[in-house]
Amino acid sequence: MTAHAPATTLGPGPAVLAIDVGGTQVKAALLDEDGRLQGVTRHSTPRSGVDPGGAVIDAAVELLDAARRAGAPIAALGMTVPGIVDETRGVGVRSTNLGWQEYPFGELLAERSGLPSVVVHDVRAAAEAEARLGAARGIDDVAVVTIGTGIAAALRIGGRAYTGRGYAGELGHIVVDPSGPPCACGRVGCVEAIGSAAALVRRYRERGDHPVNDAADVLRRRQLHDPVAVAVWDSALAALGAGLAVLTSIMAPQAIVVGGGLSEAGAVLFDPLRAELDARCAGLWVPRLLRAELGQDAGTWGAAILARATLTPAPTKRNTDA
Ligand SMILES: [Zn+2]
């Protein structure tokens, strides 16, 4: 684990609006001219069966109007969206959860706001923020993994984001148990179907005797030696270890930074996961396993960093995978 505290400012520069669209929540914040994130607000993610992408754009424009009414001199807009995102084109290729396909977020945001706008995948935004301000600072080859409702990785190689046109880092859909439970993606036995926070809850409910609301409840049952909770947790660790070992054998990152809801479990997750990784990578490269430092604001920070980058003529370190 790193001992340093996360940085809390990006330094002087233009003020930008950052919007982090998640499956349940939209977070918005102003990055001020001193480079500090101000007044993070949270709203329910708008949903629409007819025009799911348009509902998100409308919400973003409302947030921008509110910030402008408050007098903020906003120079650019950065927005994260979940799912598969082609950042070069600013297109939300697909979100199974929110329901859009091939939606031109970047173009519409720029048109509606009149500002330079950037659209980025939520986990890659978090990785950008961890690389600039958090646990991945100074690490050239690093994977930033979020474990929450889903599981995904953002890859940085040689200090640049590697996105694979939006398709790289689908760690959650590596099949680790061909006879395992079905996954939302249509395969069976994916890392996400066994090792995500949502999978812990779902798998406990299938066999357990006690009501559980979230992964923390399953962990509490495990501390009480509930055998179902112990089995569900052990299989989650094994699935996560197997997934991270595949990632490591292909990419050999110097470090893997883990964030997302499940990372809040702290040592209960990190100590055994580190042991899993050590065992599975024995004789090969073993990366450091670090806890993400920016918590729930990582995506918002990343959106702000990338919004500012649209205004900077200097070459950025982002890789467009052209
Ligand atoms: Zn899957």
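## Sheet and domain arrangement

An open sheet of five strands runs in the order 11-10-9-12-13 with mixed pairing; strands are DSSP runs (E, at least two residues) and helices are DSSP runs (H or I, at least four residues), numbered from the N terminus, and two strands pair if DSSP finds at least two bridges between them. Strand 11 (160-162) and strand 13 (288-291) stand at the edges with a single partner strand each, so one side of each lacks a neighbour in the sheet. From one strand to the next the twist averages 25 degrees, where axes are lines fitted to C-alpha atoms, for helices over the stretch in contact, and angles run from 0 to 180 degrees between N-to-C directions.

The model is predicted: local features need pLDDT of at least 70, side-chain atom pairs count only at pLDDT 80 or more, and totals for chains, interfaces and linings use all residues. Residues are numbered from 1 along each chain as its sequence is written.

Strand 9 (residues 142-147) is mostly covered, with six of its six residues buried. A residue is buried if 20 or more other C-beta atoms lie within 10 Å of its own, exposed if 12 or fewer, and partly exposed in between, with C-beta atoms placed from the backbone. In a regular strand the side chains alternate between the two faces of the sheet. Here Val142, Val144 and Thr146 point one way from strand 9, while Ala143, Val145 and Ile147 point the other way.

| Partner of strand 9 | Sense | Bridges |
|---|---|---|
| Strand 10 (residues 151-157) | antiparallel | six bridges |
| Strand 12 (residues 255-259) | parallel | five bridges |

A hairpin of three residues joins strand 9 to strand 10. Across this pair, Ala143 stands opposite Leu155 and Val145 opposite Ala153. Towards strand 12, Val142 stands opposite Ala255.

The protein is divided into domain 1 (15-127 + 296-309) and domain 2 (139-292), with bounds taken from an automatic or database domain assignment. Their C-alpha centres lie 27 Å apart. In the interface, 13 residues of domain 1 are in contact with 16 residues of domain 2, contact meaning that the C-beta atoms, placed from the backbone, lie within 7 Å. On the side of domain 1 that touches domain 2, strand 5 (84-86) and helix 3 (122-133) are the elements that give two or more residues. Helix 3 gives the most, with four residues. The residues of this side of domain 1 divide into seven nonpolar, three polar and three charged; Ala, Val, Leu, Ile, Met, Phe, Trp, Tyr, Cys and Pro count as nonpolar, Asp, Glu, Lys and Arg as charged, and the others, Gly among them, as polar.

Terms used
Two residues are in contact if their C-beta atoms, placed from the backbone, lie within 7 Å.
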